[in-house]
Amino acid sequence: MIELKGLTKVFDTGKARLTAVDHVDLTVPSGEIFGIIGYSGAGKSTLIRLLNGLEQPSEGSVEINGQNITAISGPKLRKARQKVSMIFQHFNLLWSRTVRENIEFPLEIAGVGKEERRKRSAELIELVGLEGRDNAYPSQLSGGQKQRVGIARALANDPEVLLCDEATSALDPQTTDAILDLLVDINKRLGLTIVLITHEMHVIRKICHRVAVMEGGRVVELGEVLHVFQHPKENITKTFVAQVTETEDSAETVRHLREQYPEGQLVKLIFVGDQAEQPILTQLIREYAVEVNIVHGNISHTQRGAYGTLILQLKGTADEIGKAIAFLGAHDVQTEVMGNA
Ligand SMILES: Nc1ncnc2c1ncn2[C@@H]1O[C@H](COP(=O)(O)OP(=O)(O)OP(=O)(O)O)[C@@H](O)[C@H]1O
């Protein structure tokens, strides 16, 4: 478990004092994938550097599995830091070393013998899906493969926490998805706690259990990913959520649908969690004298269930349409009437 209490970092540049991280309180239970999202300058990198002991706080503490890493130094701190590993946006590989040598590097530093190193690197190469590339140099690898080396190297010393600093920001969307899938797989298989920082909401949507939104050094919103997507409170959070949902459900789409389906009434349904798997539409069609056309839909999956929207065209008498909408409301499906088309 990671516990941040009143964590604060002030940079004093002589001319000015800048509070990069401002009284952050956070608890991340073991085995969770926790995301921190914010724009450039929000304080994410500073927070992550405080988490791995690279930066000393001005106030507050960082506890990892009960040990206050801000209160130790020297060999004790080095040992504690081995339990916290990190992967980076630009991979930070050693270019003159092969894949295997990069992965073995932290083991060499930890004084692990050659035979043991070889065994461990072979296991890790398999775990991250780089079989056969042992002797390749980083320059011969794709971006996704380089990040796989970064992940394998980060896992070499059996860490308890993996910190990911914009780990997929330099990758194309397909490669990003593959690396995120690998992180989820590692989290499940090894029970590793993952803390990631990003400015991309789809990364949060795809793999995180909970999310913290940072602005001006503070955590301004915190919650289960599914809940934050459904009820974003702060404007900044709404903007991040829109990064993912607006492309799927833009005003342009709605205008287009109105033109295309001029009859009856357009109704938008918002499904969250289990509802997305219930046969609500089947029941609606069976029990009400309305014609139902699904004209637009999008279901996205998060680590804790699905959420999404469906736009229906309902045709029938005003009375029957009213009853059908009331039925949907009674099943906890958020319903938004988009007006007569
Ligand atoms: N060593 C430093 N000395 C002075 N100011 C710093 C230092 N490191 C960070 N800052 C300042 O602290 C604030 C937070 O920076 P930080 O890098 O943590 O934000 P971020 O959210 O990670 O943004 P980015 O994604 O651009 O790195 C910024 O205003 C930055 O200029």
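**From the ligand outwards**

Author: Let's start with the overall layout: the protein has 12 helices and 14 strands. Keep in mind that this is a predicted model. Along its principal axes, the C-alpha trace spans about 80 × 50 × 35 Å. Of the 341 residues, 33% are buried.

Now to the part you asked about. Which residues are around the ligand? They are Phe11, Thr13, Leu18, Ala20, Gly38, Ser40, Gly41, Ala42, Gly43, Lys44, Ser45 and Thr46. Two elements, strand E2 (17-28) and helix H1 (44-51), each supply at least two residues of the shell. The largest share comes from H1, with three residues.

The UniProt entry, which is unreviewed, lists residues 2-241 as "domain: ABC transporter". In the model, that span is 39% helix and 27% strand, and its end C-alpha atoms lie 26 Å apart. The domain assignment, for its part, gives domain 1 (2-244) and domain 2 (251-340).

In soluble globular proteins, nonpolar side chains tend to be buried together. The largest nonpolar core here has 78 residues, and the ones touching the most other members are Leu51, Ala152, Leu162, Leu163, Ile194, Val195 and Val211. Helix H5 (residues 143-155) gives this core its largest share, five residues. Both domain 1 and domain 2 put in at least three residues each.

Leaving aside residues up to four places away in sequence, Val211 touches Gly35, Ile37, Ile204, Gly223, Val225 and Val228.

Which of its residues are buried? Val99, Arg100, Asn102, Ile103, Glu104 and Leu107 are. An α-helix has 3.6 residues a turn, so residues three or four places apart point the same way. The cover over the buried residues of H3 includes helix H4 (114-127) and H5, and H5 is also the helix with the largest share of the core. Just after H3, Gly111 takes a positive phi of about 80°.

Two other residues have a positive phi without being glycines. One is Phe91, with phi near 70°, in the loop between strand E6 (84-88) and H3. Is Phe91 buried or exposed? Phe91 counts as buried because it has 20 C-beta neighbours inside 10 Å, and 20 or more is what that label needs. The other is Asp158, with a positive phi of about 50°, in the loop between H5 and strand E7 (161-165). Asp158 has 11 other C-beta atoms within 10 Å, so it is exposed.

Finally, a stop in domain 2. Glu291 lies in strand E12 (residues 291-302). Why does Glu291 count as partly exposed? Because it has 14 C-beta neighbours inside 10 Å, a number between the limits of 12 or fewer for exposed and 20 or more for buried. Not counting residues up to four places away in sequence, Glu291 touches Lys315 and Gly316. Its C-alpha atom is 41 Å from that of Glu221, which is 70 residues away along the chain.

How values were computed: Residues numbered from 1 in each chain as written. UniProt positions renumbered as here; feature names shortened; annotations may be inferred. Helix = DSSP H or I, 4+ residues; strand = E, 2+ residues; numbered from the N terminus. Core = buried A, V, L, I, M, F, W, Y, C linked by C-beta atoms within 7 Å. Domains from an automatic or database assignment. Contact = placed C-beta atoms within 7 Å. Near = placed C-beta within 6 Å.
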